[in-house]
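Dear colleague,

Please find below the structure that I am handing over to you. My notes on it follow directly after.

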Amino acid sequence: MASLQDLIAQRDALERQIELTKKEQRTGAIDKIRALMREYDLSVSDLSARGGSKSGTAKKGGKVAAKYRNTATGETWSGRGLQPKWLKAALAAGRKPEDFAV
């Protein structure tokens, strides 16, 4: 059985080897990335763009401004998704969506 000092020395040697391997592989990865960027004419700003958009303006799941407001309660609806009960009831009573437009 190895002594505690031997195990600590082995751990230290492994940690140095891990760091050296990380640096070598990191350098290789950076070289590959640079080659791909040259090949596809990409810039750093292209890498930070979301959803494949070059401008980086692609949004997903953001809030939408309200299109309709219930004047009695102040509740709003964006016009997306299911109609709220208050609007369904008002439409069933003969009112028009334009009556609730914001």
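**Salt bridges in the structure**

Arg 11 has a relative accessible area of 45% and is therefore partly exposed. Please bear in mind that the model is a predicted one.

Arg 11 forms a salt bridge with Glu 15, and their closest N and O atoms are 4.0 Å apart. The two residues, Glu 15 and Arg 11, stand 4 residues apart in helix H1, which means that about one helical turn separates them. Glu 15 also counts as partly exposed, because its relative accessibility is 42%.

In total, the structure holds 4 salt bridges. One of them joins Lys 22 to Glu 19, with 3.9 Å between the closest N and O atoms. Lys 22 and Glu 19 are 3 residues apart in helix H1, so the separation is again about one helical turn. For Glu 19 the relative accessible area is 40%, and this residue is therefore partly exposed.

A further salt bridge is formed by the side chains of Asp 99 and Arg 95, at 3.7 Å from N to O. Asp 99 is partly exposed, with a relative accessible area of 42%. Arg 95 likewise counts as partly exposed, at 42% relative accessibility.

**A nonpolar surface patch**

Which residues make the nonpolar surface patch of about 400 Å²? They are Leu 36, Tyr 40, Leu 42 and Leu 47. Of these, Leu 42 is located in the loop that runs between helix H1 (4-40) and helix H2 (44-48). Leu 42 has a relative accessible area of 34% and is partly exposed.

A polar atom of the Asn 70 side chain lies 3.0 Å from the backbone nitrogen of Ala 72. Leaving aside residues up to four places away in sequence, Asn 70 touches Glu 75, Trp 86 and Phe 100.

With kind regards

Notes. Residues are numbered from 1 along each chain as its sequence is written. This is a predicted model: local features need pLDDT of at least 70, side-chain atom pairs count only at pLDDT 80 or more; totals for chains, interfaces and linings use all residues. Side-chain values use heavy atoms; hydrogens and water are left out. Patches are made of residues with over 30% relative accessible area and no salt bridge: like charges are joined within 9 Å, nonpolar side chains (Val, Leu, Ile, Met, Phe, Trp, Tyr) within 5 Å. Accessible areas come from the Shrake-Rupley method with a 1.4 Å probe; for residues, only the protein chains shown count as cover. Buried means under 20% relative accessible area, exposed over 50%, partly exposed in between (1.4 Å probe, protein chains only). A polar contact is a pair of N or O atoms within 3.5 Å; within protein, one must be able to donate a hydrogen and the other to accept it, and residues adjacent in sequence count only if both atoms are side-chain atoms. Contact means heavy atoms within 4.5 Å.
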